[in-house]
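This report describes one protein chain, part by part. Please keep the sequence and the 3D view open while reading.

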Amino acid sequence: MSGPPTPAAGVLALQGDVREHLRSVKRAGGTAVEVRTQADLDSIDALIIPGGESTTIGRLANLYGLVDPLRKHIRSGMPTLGTCAGMIFLASAVTEGAQTQLGVLDMVVERNAYGRQNESFECELAVEGWDEEVHAVFIRAPLVHSTGPDIEILARHRGRPVLVRKDRILASSFHPELTSDMRLHRMLLDMVGRD
């Protein structure tokens, strides 16, 4: 007897930590797929928007005609994880300037708020519902300034949200793909097929 099919998690492969997330998906028990076209997007069960440069990801998503298809799939319930720049891309607004954002998470974020590359840091974070803390890697991370009432805060750093959830959307300021902890990727895969 065969078990349930292995969920396919696609990583938006326009720019950023694509390889690291693909590796994490495989370690978490999923099938990893690079997403560059709408056909790729239509073929997956879950989506990851990686860390990188949020303005570049938005610009390339526009160029490849992926912004509206991404919004449609995510709003239709596709399990989605956005990390660092991915969190910014999922949010509704940034504190300064303007850039392409999907607007599927009602929150305002500040880009690179935790400092430059050389001010990156790591720490242990308590996550709501988890028995053990997560080792979090922050690299030019966004800061969440405000959240709407439908945003559930799962973890904070110095009082500020750094891991949030809304329905089947997860977003983190930190980079889970740079550690050996697969719990966030497993959370994403576990949402596939749930009502």
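## The largest pocket

The residues that line the largest pocket divide into six nonpolar, six polar and four charged. The model is a predicted one, and the volume of this pocket is about 190 Å³. The lining has 16 residues, and the closest to the pocket centre are Gly52, Glu53, Cys84, Ile139 and Arg140. Rolling a probe the size of a water molecule over the atoms shows where empty space is left.

Most residues other than glycine have a negative phi. Arg140, one of the residues closest to the centre of the largest pocket, has a positive phi, near 45°. Arg140 is found in the loop between strand S8 (134-138) and S9. Its relative accessible area is 29%, so Arg140 counts as partly exposed.

Arg158 also has a positive phi, near 50°. This residue lies in the loop between strand S10 (152-157) and strand S11 (160-166). Is Arg158 buried or exposed? Arg158 is exposed, because its relative accessible area is 77% and the cut-off for exposed is over 50%.

Which strands pair with S3? One is S1, which pairs with S3 in the parallel sense over three bridges. Here Ala9 stands opposite Ala46 of S3. Another is strand S4 (residues 80-83), where the pairing with S3 is again parallel, over three bridges. In this pair, Ile48 stands opposite Leu81 of S4.

## An open sheet of three strands

Another group of strands forms an open sheet of three, in the order S5-S6-S9, and the pairing is mixed. Strand S5 (91-94) and strand S9 (143-147) stand at the edges. Each has a single partner strand, so one side of each is left without a neighbour in the sheet. From one strand to the next, the twist averages 35°.

S5 pairs with strand S6 (residues 105-110) in the parallel sense, over three bridges. Within this pair, Ala91 has Leu105 in S6 as its bridge partner.

An α-helix has 3.6 residues a turn, so residues three or four places apart point the same way. In helix H1 (residues 18-27), the buried residues are Val18, Glu20, His21, Leu22, Ser24 and Val25. What do the buried residues of H1 pack against? They pack against S1, strand S2 (31-35), S3, S4 and helix H6 (183-190). After H1 comes Gly29, with a positive phi near 100°.

Helix H3 (residues 54-63) has Ser54, Thr56, Ile57, Gly58 and Ala61 as buried residues. These residues pack against strand S1 (8-12), helix H4 (67-75) and helix H5 (85-90). H3 is followed by Gly65, and the phi of Gly65 is positive, near 70°.

Terms used: Residues are numbered from 1 along each chain as its sequence is written. This is a predicted model: local features need pLDDT of at least 70, side-chain atom pairs count only at pLDDT 80 or more; totals for chains, interfaces and linings use all residues. Side-chain values use heavy atoms; hydrogens and water are left out. Buried means under 20% relative accessible area, exposed over 50%, partly exposed in between (1.4 Å probe, protein chains only). Helices (H or I, at least four residues) and strands (E, at least two) are DSSP runs, numbered from the N terminus. Contact means heavy atoms within 4.5 Å. On a 1 Å grid over the protein atoms alone, a cavity is a set of points where a 1.4 Å probe fits but cannot get out, and a pocket is an open set with protein on both sides within 12 Å along at least five of seven lines; lining residues have an atom within 4 Å of a point. Grid points are joined across faces, edges and corners, and a volume is the space filled by probe spheres set on the points. Ala, Val, Leu, Ile, Met, Phe, Trp, Tyr, Cys and Pro count as nonpolar, Asp, Glu, Lys and Arg as charged, and the others, Gly among them, as polar. Two strands pair if DSSP finds at least two bridges between them. Axes are lines fitted to C-alpha atoms, for helices over the stretch in contact, and angles run from 0 to 180 degrees between N-to-C directions.
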